[in-house]
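Hello,

Here is the structure I promised to pass on to you. Please open it alongside this email, and my notes will follow below.

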Amino acid sequence: MLVIKDLHAKINDKEILKGINLEVKAGEVHAIMGPNGSGKSTLASVLTGRELVEVTQGAITFNGKDLLEMAPEIRAREGIFLSFQYPVEIPGVSMVNFMKAAVNEHRKYRGLEPLTASDFLKLMRERKELVEIDSALTNRSVNEGFSGGEKKKNEIFQMAMLEPKLAILDETDSGLDIDALRVVANGVNKLKRPDNAVIVITHYQRLLDYIVPDYVHILYNGRIVKSAGKELALELEEKGYDWIKNGENA
Amino acid sequence: MVEEQDKILEEVTGSEYKYGFVTNIETETIPKGLNEDVIRMIWEKKGEPDWMLEFRLKAYRHWQTMEMPQWAHLQIPEIDYQDIIYYAAPRQKASPASLDEIDPEIKATFDKLGIPLDEQKVLSGVAVDAVMDSTSVKTTFRETLAEQGIIFCSMSEAIREHPDLVRKYLASVVPVTDNYFAALNSAVFSDGSFCYIPKGVRCPMELSTYFRINASNTGQFERTLIVADDDSYVSYLEGCTAPMRDENQLHAAVVEIVALENAEVKYSTVQNWYPGDKDGKGGIYNFVTKRGICQGKNSKISWTQVETGSAITWKYPSCILLGDNSYGEFYSVAVTNNRQQADTGTKMIHIGKNTRSRIVSKGISAGFSNNSYRGLVKVLKGAENARNFSQCDSLLLGDKCGAHTFPYLEVDNPTAIVEHEATTSKIGEDQIFYCNQRGLSTEDAVGLIINGYAKEVLNKLPMEFAVEAQKLLQISLEGSVG
Ligand SMILES: Nc1ncnc2c1ncn2[C@@H]1O[C@H](COP(=O)(O)OP(=O)(O)OP(=O)(O)O)[C@@H](O)[C@H]1O
Ligand SMILES: [Mg+2]
């Protein structure tokens with residue numbers, strides 16, 4: 001589904017990603033871990049097409065298509081979804097209007113008619129239940145005045161609405177209380193299908209207790225320095241990053 | 001980041017103005033220029049009574065002693081008042097009795113503008129007075145309204161048919177000597193709408209006037225007068241467009257509203273005069289005086305405006321809160337793009353006791369435009385317990401445009417409470433990206449974000465207009481963010 005080859009990228013002339021190789025197949029869950037500032041969110045930005053980040057070398061294909069050629073909205077319509085580490089507020093824009101516009105753009109891209117108002121509201125209701133999000137939130141403006149945890153929940157709600165092929169969850173667990181963490185993780189699991197994939201960016205094992213990864217990668221200083229199965233996350237939890245860092249330097 | 005900004009600005013192209021076509025009809029015009037003979041000519045053409053000639057000449061003579069105001073934050077090129085045609089009318093019967101008497105070209109024009117003159121086709125619940133250049137071409141639903149005693153007709157007709165009402169109220173809110181453009185308007189105005197709602201009547205439909213400039217080299221000077229008698233209610237809409245022309249055209253209107261005891265008037269405008277091209281060539285100079293008086297106790301006047309057009313806008317819809325417990329509102333969205341300039345706001349004059357006012361102004365600037373809010377809240381000595389709340393927000397797209405806020409406060413009563421809040425923000429690249437990531441194009445994202453920003457004002461518009469206004473906001477900023 002996703003193939004990243006020798007990806008280098010810079011922000012304001014500073015090289016952040018220094019040769020990333022990664023392949024994600026349909027049905028897989030990949031976790032990306034790594035110390036602060038190592039480039040995890042930057043990788044998410046590259047995948048979603050944020051202009052701030054300039055790709056200087058390498059290639060990315062998504063379902064066989066050249067991802068780097070696509071505008072951000074096209075990538076989204078092709079099925080890439082990012083649950084933002086810091087979701088922004090859009091004052092005055094109701095969640096309903098926002099989601100309706102988004103869902104219908106996705107449908108249009110696939111050659112489908114826009115949903116009728118009642119079908120749309122039905123879909124909203126269904127997906128709200130799936131991620132157990134409060135109606136009070138979806139009746140408000142996009143993220144406006146939401147608490148940190150509510151924003152994260154709202155990201156997963158949007159994921160449920162858009163049913164992406166590849167979901168990238170950038171620290172979706174941070175800011176969530178214990179119950180919310182479980183709800184959000186359950187939501188993600190319910191959306192899991194053999195034909196879609198998830199990349200989970202996280203610092204903690206607790207999320208991976210629920211969303212069990214097939215692979216865990218450690219991103220350090222712009223490179224994936226170690227990849228293994230789910231046990232790697234446990235090892236990190238125990239030992240921290242020093243052994244990785246030292247290993248790099250050695 | 002810098003590159004991003006540059007790209008945004010490069011793409012400021014301003015989309016095609018949709019209403020820029022010209023209607024090919026025979027137009028009767030008088031020679032260019034302004035003097036007392038021209039005023040007599042207009043008066044004669046309109047077949048007005050003698051008192052109107054006096055009214056016009058008095059205004060003209062006063063205007064000659066005045067100078068164009070310079071205080072606005074605007075750069076207004078010299079206007080040659082002798083180079084303007086003051087009267088242009090489509091050649092047709094003055095007040096067509098039936099639709100068949102209207103030139104099909106004119107009908108087609110208004111159809112194209114989405115304002116069908118055929119009552120069968122009209123949005124139910126909206127009566128329209130359609131004004132092209134200097135005259136009203138058709139007022140719909142007059143009979144239906146007349147059944148309830150509501151008068152809704154062109155100003156020319158009102159002067160002929162309802163002289164007592166007109167004489168009583170015309171220039172009672174905006175005196176002919178009020179300001180430079182009001183004096184000019186009083187001297188040469190050619191048409192507009194008149195509306196009278198009798199005591200105790202709730203007007204059953206929205207009344208609206210649609211102004212269309214068609215002829216070239218002409219100015220449009222229309223005059224609107226709305227009188228709401230005791231315990232009445234009316235909601236009034238105003239829309240306007242003009243062809244795309246390289247020359248600037250002057251539009252200097254006066255709108256007066258009188259609200260008597262317990263009366264309520266809602267006045268909504270969607271102003272979409274041709275704004276000029278992206279280099280600032282052509283466009284309408286929109287110099288308008290709009291003022292309402294809450295004359296009776298418990299009366300209410302509410303101004304809502306969506307200003308997207310015009311090369312230059314100079315406009316301050318105001319409320320004189322004379323009656324005790326009266327209430328004035330001003331809700332505004334003003335968009336400027338490319339080289340447009342707007343200096344707009346309101347005046348709330350608190351005279352009666354317990355008078356209240358609320359001001360919500362949302363400015364949006366893009367391109368190289370300049371957008372100013374100018375507002376005065378004045379509380380006179382006797383205005384016990386007067387209350388005002390003002391919220392003035394500015395949103396910037398790009399860094400070559402300007403937003404300015406000039407709030408003036410004059411409070412002469414210690415019991416008054418006056419609050420003012422102001423914010424300036426930029427449309428965030430991160431907000432746009434967030435929308436992109438959900439599958440929305442940048443254009444749609446900007447549309448969504450500014451409509452969200454302007455929501456409080458848009459919500460004030462009648463339904464039929466709100467949808468139009470939302471689209472218009474998006475269109476006027478098309479291409480302003482890349
Ligand atoms: N807008 C920016 N301008 C300048 N530098 C940036 C910008 N965004 C990210 N960086 C830098 O890029 C590097 C990688 O940041 P990134 O956000 O990808 O890290 P991360 O791995 O997601 O960290 P965290 O675990 O703290 O979220 C950091 O050094 C950061 O300071
Ligand atoms: Mg991060």
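This is a predicted model: local features need pLDDT of at least 70, side-chain atom pairs count only at pLDDT 80 or more; totals for chains, interfaces and linings use all residues.

**Ligand 1**

The shell around ligand 1 has 16 residues, and the closest are G37(A), K40(A), S41(A), T42(A) and H203(A). Sorted by class, four of the shell residues are nonpolar, nine are polar and three are charged.

Several side chains place polar atoms beside the oxygen atoms of this ligand. For K40(A), a side-chain N or O atom is 2.8 Å from an oxygen atom of ligand 1. S41(A) has a polar side-chain atom 2.8 Å from a ligand oxygen, and for E171(A) the corresponding distance is 3.2 Å. On its own, ligand 1 has 630 Å² of accessible area, and the protein covers 66% of that. Two elements of chain A give two or more residues each to the shell, namely β2 (14-24) and α1 (40-48). Of these, α1(A) gives the most, with three residues.

**The magnesium ion**

Which residues coordinate the magnesium ion (ligand 2)? They are S41(A), through OG, and Q85(A), through OE1, at 2.0 to 2.2 Å.

**Chain B as a whole**

Chain B has 12 helices and 23 strands. Of its 482 residues, 63% are buried. Among the contacts in chain B with a separation of 6 or more, 83% are between residues 24 or more positions apart. The accessible surface of the chain comes to about 17,700 Å², and carbon and sulfur atoms account for 47% of it.

**Two residues in chain B**

Start with S235(B), which lies in strand β9 (residues 233-241). Its relative accessible area is 4%, so S235(B) is buried. The side chain of S235(B) makes a polar contact of 2.5 Å with the side chain of E206(B). Leaving aside neighbours within four places in sequence, S235(B) is in contact with E206(B) and also with M205(B), L207(B), K266(B) and P462(B).

Then there is Q391(B), found in strand β21 (residues 387-396). Q391(B) counts as buried because its relative accessibility is 13%, under the 20% cut-off. Its side chain makes a polar contact with the side chain of D393(B), at 2.7 Å. Beyond neighbours within four places in sequence, the contacts of Q391(B) are I359(B), V360(B), S361(B), E421(B) and T423(B). The C-alpha atoms of Q391(B) and H420(B) are 6.0 Å apart, while the two residues are 29 apart in sequence.

Terms used. Residues are numbered from 1 along each chain as its sequence is written. Chains are lettered from A and ligands numbered from 1 in the order in which they are written. Side-chain values use heavy atoms; hydrogens and water are left out. A residue is near a molecule or strand if one of its heavy atoms lies within 4 Å of it. A polar contact is a pair of N or O atoms within 3.5 Å; within protein, one must be able to donate a hydrogen and the other to accept it, and residues adjacent in sequence count only if both atoms are side-chain atoms. Accessible areas come from the Shrake-Rupley method with a 1.4 Å probe; for residues, only the protein chains shown count as cover. Helices (H or I, at least four residues) and strands (E, at least two) are DSSP runs, numbered from the N terminus. Ala, Val, Leu, Ile, Met, Phe, Trp, Tyr, Cys and Pro count as nonpolar, Asp, Glu, Lys and Arg as charged, and the others, Gly among them, as polar. Buried means under 20% relative accessible area, exposed over 50%, partly exposed in between (1.4 Å probe, protein chains only). Contact means heavy atoms within 4.5 Å. Donors are N, O and S atoms within 2.8 Å of the metal (3.2 Å for Na, K and Ca); water is not among the atoms, so sites may look incomplete.
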